[in-house]
Amino acid sequence: MQRISVTLVMALAVFGAACTNLERSRDLANPAIPPAVTAVQVCSNCHGVDGNSVSPNFPRLAGQQEAYIVAQLENFRSHNRSDPAGYEYMWGIARHLTDDQIKGLGEYYSKQIPKPIGQVDAKQLALGKQIFEQGVPDKETAPCMACHGPDAAGLATFPRLAWQHQDYLLKQLHVFQDTEGRPGTPMKQITHLLTHQEMESVAGYLQAFPMSVGK
Amino acid sequence: MFATSLAIRRRILGTGALVAGIFGFIATLLPIDSIALPLFARQTGQNCVSCHAGGQFPELTPYGRKFKLTGYTMGERATVPLALMGVVSSTRIDNTSTGVASTDFPSNGKLEFTTMSVLCCGKITDNLGVFAQWTYDVYDHQNDQNRWVALPHIDQFDMRYADRFIDANRDLIFGVSLNNNPTVSDVWNTHNNAFTPVPTYVPAANSVATYAGAVPMDVAAPYLEGEGQMAGGLTAYAFLNNSIYAEIGFYRNVRGALSFMNASHYDAIGYPSKMQGSNPYWRLAYNKDWGANSAMIGLHGMNADVYSDPTNTGSSIVKFRDVGIDGQYQYILDPHVVTAMFSYTHEKQSYPTDQLGILADNASNKLDYLRLKGTYVYQAKYGAALAYTSAKGSNDPTLWGSVSGVTDSRLWAPEVFWMPVQYVRVGLQYYKWTQFNGAKTNYDGNGRNASDNNSLFFYVWGAY
């Protein structure tokens with residue numbers, strides 16, 4: 001047993017030191033690692049292989065706009081985005097990704113097929129639908145669909161919102177409203193006067209977005 | 001005596017030099033970089049909450065489990081793979097009066113530096129990583145003059161090779177782990193330190209008994225849980241589709257090049273036990289993640305054949321057969337983190353006839369060991385925990401050394417803690433013994449009660 005252990009450990013050490021495993025590496029500082037490898041070996045731990053994350057702590061990326069993913073990864077890398085979910089998890093992940101790797105990751109997840117999550121409270125649905133389609137005129141809040149599209153699929157750097165986790169959306173709306181953690185978007189102004197209940201409702205409506213529209 | 005001490009000292013120095021050499025060799029493989037945070041945070045660039053539930057150690061999140069299972073290889077190699085960890089603490093026991101002043105814990109109620117660890121951890125290659133810890137305990141044990149002795153010694157060691165085959169239809173993580181502690185390779189933390197409601201590697205429940213001087217050195221625990229840093233083990237594991245986990249391996253005493261895995265500590269105080277041959281350890285678990293929830297139910301076991309005389313490999317064999325069930329539930333949704341876990345192990349002990357009346361009275365004994373723990377952490381800063389431990393064994397006065405003839409200990413341990421920053425933790429625990437070594441009152445025959453061992457434990461833990 002002992003000889004076997006020593007031999008095995010030494011063999012593994014020599015083998016491991018001699019080889020970089022490009023096809024299944026979890027190295028985040030090697031520009032030679034293909035983005036699709038990083039996506040499944042690293043990103044999938046939180047976001048899922050197909051971008052449909054299980055935990056609401058982590059946003060769903062399946063079908064997300066490529067330009068939006070690229071912009072966010074660049075913001076994480078430059079520390080321009082500093083909300084807690086961003087710096088706690090993503091600053092480290094993105095710190096040494098190359099532009100090509102970032103573009104490849106955006107491409108990978110934009111091509112994944114989004115899946116519906118589940119229903120939310122009916123009252124939230126009604127209010128959320130109203131905000132999504134009509135905004136809140138007396139608070140000068142524009143309807144979400146004006147930028148994110150009637151099917152909430154997003155456009156370029158406007159992210160897809162359909163079938164996103166309600167909790168994630170709600171936290172991000174509070175980031176926009178309460179902090180300067182995500183600068184450079186109109187969302188600070190849009191969320192300025194919204195109540196927690198209104199934000200929770202529209203986030204719920206987007207999580208349970210009508211399947212006939214949200215594909 | 002002097003020659004023996006010299007030999008021990010030389011052995012310690014030699015072992016220390018070997019470990020330092022290994023650490024140094026690993027360090028030379030790695031480029032130089034700045035050091036800011038503990039090692040894995042440096043390697044991944046992520047906050048501790050990514051891998052540790054609510055930022056508390058050692059409980060892992062689903063993400064942290066993947067990090068460990070894939071061999072600590074995610075991220076980028078730290079340049080200097082070294083970190084320090086230390087604890088300043090104060091333990092106040094309700095009653096230190098044992099009738100023998102020299103055996104009382106000399107620092108009862110005093111705030112003192114109690115332990116420090118050097119860690120060498122992280123990614124070595126794309127498939128190879130290591131977690132290695134060297135610890136200096138100020139109050140390690142008492143020598144033959146009843147003086148407390150400090151000793152540096154190996155702590156947890158886990159070097160693993162891992163690979164992962166993953167696509168849209170399959171996710172298979174597999175690997176091998178060379179480690180020095182059955183269950184240290186596990187990723188659900190339902191054993192060993194996880195149930196100690198304090199940061200790892202500080203004086204804890206079992207040590208309280210030690211501090212009380214004349215009370216037994218330890219509360220009975222299954223062999224599976226008591227072999228830390230004594231054995232060398234090689235285990236192979238696989239985790240399929242984030243649901244089925246299986247691990248099997250063998251543990252034995254280590255010599256030669258692998259002797260660093262149990263270095264120093266047990267050389268100094270003598271082997272409490274020594275195993276014969278290779279002894280199997282196994283573990284099965286089913287895991288399910290849904291929403292913000294993660295749950296696991298599992299089985300574990302170990303068969304250990306141990307020499308009745310650790311200094312004589314020709315001596316008869318004591319057999320330990322452990323089998324148990326454990327489980328964990330986690331809810332992680334910022335700012336709330338809840339962890340609940342349990343572990344129950346049944347142990348059957350078989351003693352050879354030549355040891356009856358020496359090690360044990362009965363040819364066969366049993367021990368049932370139950371641990372429960374619940375933790376809540378808010379904003380990864382404020383936390384509270386409640387742990388319960390119960391050890392109950394068959395009637396055998398010689399084996400347990402108790403007046404009542406049984407071993408029956410029950411401990412409640414509530415705790416509150418605060419983490420002002422992610423690498424500092426301040427905590428206050430209370431250990432309440434409702435039963436100690438077989439009795440609630442007069443468990444030692446000299447009037448000492450279980451509640452005399454109740455203690456308040458304050459600590460400041462830090463890592464850099």
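1. What percentage of contacts in chain B between residues at least 6 apart in sequence join residues at least 24 apart? The share is 65%. Contact here means heavy atoms within 4.5 Å.

2. Ground rules. This is a predicted model: local features need pLDDT of at least 70, side-chain atom pairs count only at pLDDT 80 or more, and totals for chains, interfaces and linings use all residues. Residues are numbered from 1 along each chain as its sequence is written, chains are lettered from A and ligands numbered from 1 in the order in which they are written, and side-chain values use heavy atoms, with hydrogens and water left out.

3. Chain B overall. Its secondary structure comes to seven helices and 16 strands. Helices (H or I, at least four residues) and strands (E, at least two) are DSSP runs, numbered from the N terminus. Of the 464 residues in chain B, 57% are buried. Buried means under 20% relative accessible area, exposed over 50%, and partly exposed in between, with a 1.4 Å probe and protein chains only. Chain B exposes about 17300 Å², and carbon and sulfur atoms supply 61% of that area. Accessible areas come from the Shrake-Rupley method with a 1.4 Å probe; for residues, only the protein chains shown count as cover.

4. Aromatic pairs. The structure holds 23 of them over all chains. Rings of Phe, Tyr and Trp (its six-membered ring) pair if their centres lie within 6.5 Å; planes under 30 degrees apart count as stacked, over 60 as edge-to-face and the rest as tilted. B:F40 and B:Y72 are stacked, at 5.2 Å centre to centre and 5 degrees between the planes. This pair links distant parts of the chain. B:F40 is in helix α2 (residues 39-44) of chain B, while B:Y72 is in the loop between α3 (62-69) and β1 (82-93) of chain B, 32 residues apart. B:F40 counts as partly exposed because its relative accessibility is 21%. B:Y72, at 4%, is buried.

5. A second pair has another geometry. The ring centres of B:W188 and B:Y245 are 5.4 Å apart and the planes stand at 75 degrees, so the pair is edge-to-face. Distant parts of the chain are again linked. B:W188 belongs to the loop between β5 (171-179) and α4 (205-211) of chain B, and B:Y245 to strand β7 (residues 244-252) of chain B, 57 residues apart. Both B:W188 and B:Y245 are buried.

6. Other ring contacts. B:F40, B:F67, B:Y72 and B:F131 form one aromatic cluster. Elsewhere, the charged end of B:R425 sits over the ring of B:F417, 3.8 Å from its centre. That label requires NZ of Lys or CZ of Arg within 6 Å of the ring centre and within 35 degrees of the ring normal.

7. Surface patch. A nonpolar patch of about 870 Å² includes B:L84, B:F113, B:M116, B:Y136 and B:F458. Patches are made of residues with over 30% relative accessible area and no salt bridge: like charges are joined within 9 Å, nonpolar side chains (Val, Leu, Ile, Met, Phe, Trp, Tyr) within 5 Å. A salt bridge is a side-chain nitrogen of Lys or Arg within 4 Å of a carboxyl oxygen of Asp or Glu. β1, β2 (112-123) and β16 (455-463) of chain B each supply at least two residues. β16(B) gives the most, three residues. B:F458 lies in strand β16 of chain B and is partly exposed at 32% relative accessible area.

8. Chain A against chain B. Helix α4 (residues 84-94) of chain A has buried residues including A:Y89, A:M90 and A:I93. The buried residues of α4(A) pack against α2 (35-47) and α3 (66-78) of chain A, together with α2 and α3 of chain B. A:S44, in helix α2 of chain A, is buried at 9% relative accessibility. Leaving aside neighbours within four places in sequence, A:S44 is in contact with A:A39, A:V49, A:Y109, B:R164 and B:I166.

9. Backbone points to check. Most residues other than glycine have a negative phi, and most peptide bonds are trans. A cis peptide bond joins B:D334 and B:P335, with omega about 15 degrees. B:P335 lies in the loop between β10 (317-333) and β11 (336-350) of chain B. A:H79 has a positive phi, near 65 degrees. A:H79 is in the loop between α3 and α4 of chain A and is partly exposed at 41%. B:N442 also has a positive phi, about 50 degrees. B:N442 sits in the loop between β15 (424-435) and β16 of chain B, partly exposed at 34%.
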